[in-house]
Amino acid sequence: MADSRFSRRSLFAAAAGLATGGAGLAGPAAAQPIRWPGGARAAISLTYDDGLNSQLDNAVPELKRYGWKATFFLTEDNAHWRLADWETLAREGNEVANHTMTHPCALARWSADRFARAELGPMDGYLDAHFGPDRAKTFAYPCGYLGLGHGGRRLRFARYRKVLERDGVVAARTTAGGPNRPADVVADPLRLHAFEPADDGDTAAPALRYLNETVAQGGWAILVFHEVLPQGKAEGDASIATHNRILARIAELNLWVAPMGQVFDYVAAAEREVAAPRISGR
């Protein structure tokens, strides 16, 4: 598989402001009231990138213990080794989604057609064949990199966005940014914020602060995990202990835990209901 540890957060930071002129991505989000299912104070989606064996072996048992469903962004490079296990996971109600065939990060030399033909489209076909065409059409940017091809940041992101839109992707997740406000989710669904708990070290503290911020805002947190190992070995790895500490804190809070596609659909429907009276003049 291609190297998935290629400065994920720094790459996102370099792309910040692609569509907003630098405003709004890193700053604190104001409260945006929304009624979450079951009276939850906020929503959270647990996402796992790359289709790694350690996720099946170490993360999934803990998710099952809590009765939670998560989103797994797969690459064909990794998923085919234990395809039957991933298929079982999907049948149990978890979301599997597109993370490209081989996880390319640096895309400066890629054309839109090449990316669609070699990475995005074939992975869609792989997922359709093994998980069904009715799956959620969500996407996670490899390494959090938002640029495709040559040119300025805005042009590179616009090119990437167009490829995803043409492919039918309804929501795409980055690897940085504050908790998602519902209105922003609908305004820019192909640049959903997310947080990597183990990006700066194998400790639960940053994730716990992020969860507190999410609850205070009543927003939607998306957490990003890669390897979940007995002991972290490299940048971005989470130890089993750290992963479990984060899950335990989520369980203590009154949060709605659901896959990314499910939460996105809920937010989009809620925002349409809010907008309908304004459009009709009521």
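Buried means under 20% relative accessible area, exposed over 50%, and partly exposed in between, with a 1.4 Å probe and protein chains only. This is a predicted model, where local features need pLDDT of at least 70, side-chain atom pairs count only at pLDDT 80 or more, and totals for chains, interfaces and linings use all residues. Residues are numbered from 1 along each chain as its sequence is written, and side-chain values use heavy atoms, with hydrogens and water left out.

**Exercise 1. Strand β1 and its partners**

Task: find how many residues of β1 are buried, then list the strands that β1 is joined to by bridges.

Solution. 
- Step 1. Locate the strand. Strands (E, at least two residues) and helices (H or I, at least four) are DSSP runs, numbered from the N terminus. β1 covers residues 42-50.
- Step 2. Check burial. 9 of the 9 residues of β1 are buried, and the strand is mostly covered.
- Step 3. Find the pairs. Two strands pair if DSSP finds at least two bridges between them. β1 and β2 (residues 71-74) run parallel, joined by 4 bridges. β1 and β6 (residues 220-225) are parallel too, with 6 bridges.
- Step 4. Thr 47 faces Thr 71 in β2 and Val 224 in β6. Ile 44 has Val 257 of β9 as its bridge partner. Asp 50 stands opposite Leu 74 in β2.

**Exercise 2. The two faces of β2**

Task: which residues of β2 point one way, and which the other way?

Solution. 
- Step 1. Take one face. Thr 71 and Phe 73 point one way from the strand.
- Step 2. Take the other. Phe 72 and Leu 74 point the other way.
- Step 3. Check burial. All of these residues are buried.

**Exercise 3. Helix α4 against α2 and α5**

Task: what are the angles at which α4 packs with α2 and crosses α5?

Solution. 
- Step 1. Axes are lines fitted to C-alpha atoms, for helices over the stretch in contact, and angles run from 0 to 180 degrees between N-to-C directions. Angles under 35 degrees count as roughly parallel, over 145 as roughly antiparallel, 65 to 115 as roughly perpendicular, and the rest as oblique.
- Step 2. Pack α2 (residues 53-66) with α4 (residues 83-91). The angle is about 30° and the axes are 11 Å apart. Therefore α2 is roughly parallel to α4.
- Step 3. Assign the hand. A crossing is left-handed if the near helix is turned anticlockwise from the far one by less than a right angle, and right-handed if clockwise. α2 passes α4 in a left-handed crossing.
- Step 4. List the contact, meaning heavy atoms within 4.5 Å. α2 supplies Gln 55, Leu 56 and Val 60, and α4 supplies Asp 85, Trp 86 and Leu 89.
- Step 5. Sort these residues. Ala, Val, Leu, Ile, Met, Phe, Trp, Tyr, Cys and Pro count as nonpolar, Asp, Glu, Lys and Arg as charged, and the others, Gly among them, as polar. The contact of α2 with α4 holds 4 nonpolar, 1 polar and 1 charged.
- Step 6. Turn to α5 (residues 112-131). Its axis comes within 10 Å of that of α4, and the two cross at roughly 70°. So α4 is roughly perpendicular to α5. The crossing is right-handed.
- Step 7. List that contact. Leu 83, Trp 86, Glu 87 and Ala 90 of α4 meet Tyr 126, His 130 and Phe 131 of α5.

**Exercise 4. Positive phi**

Task: what is phi near in Asp 50 and in His 103?

Solution. 
- Step 1. Recall the background. Most residues other than glycine have a negative phi.
- Step 2. Read Asp 50. Its phi is near 90°, a positive value. Asp 50 lies in strand β1. Its relative accessible area is 1%, so Asp 50 is buried.
- Step 3. Read His 103. Its phi is near 65°, also positive. His 103 sits in the loop between β3 (95-98) and α5. With a relative accessible area of 1%, His 103 is buried.
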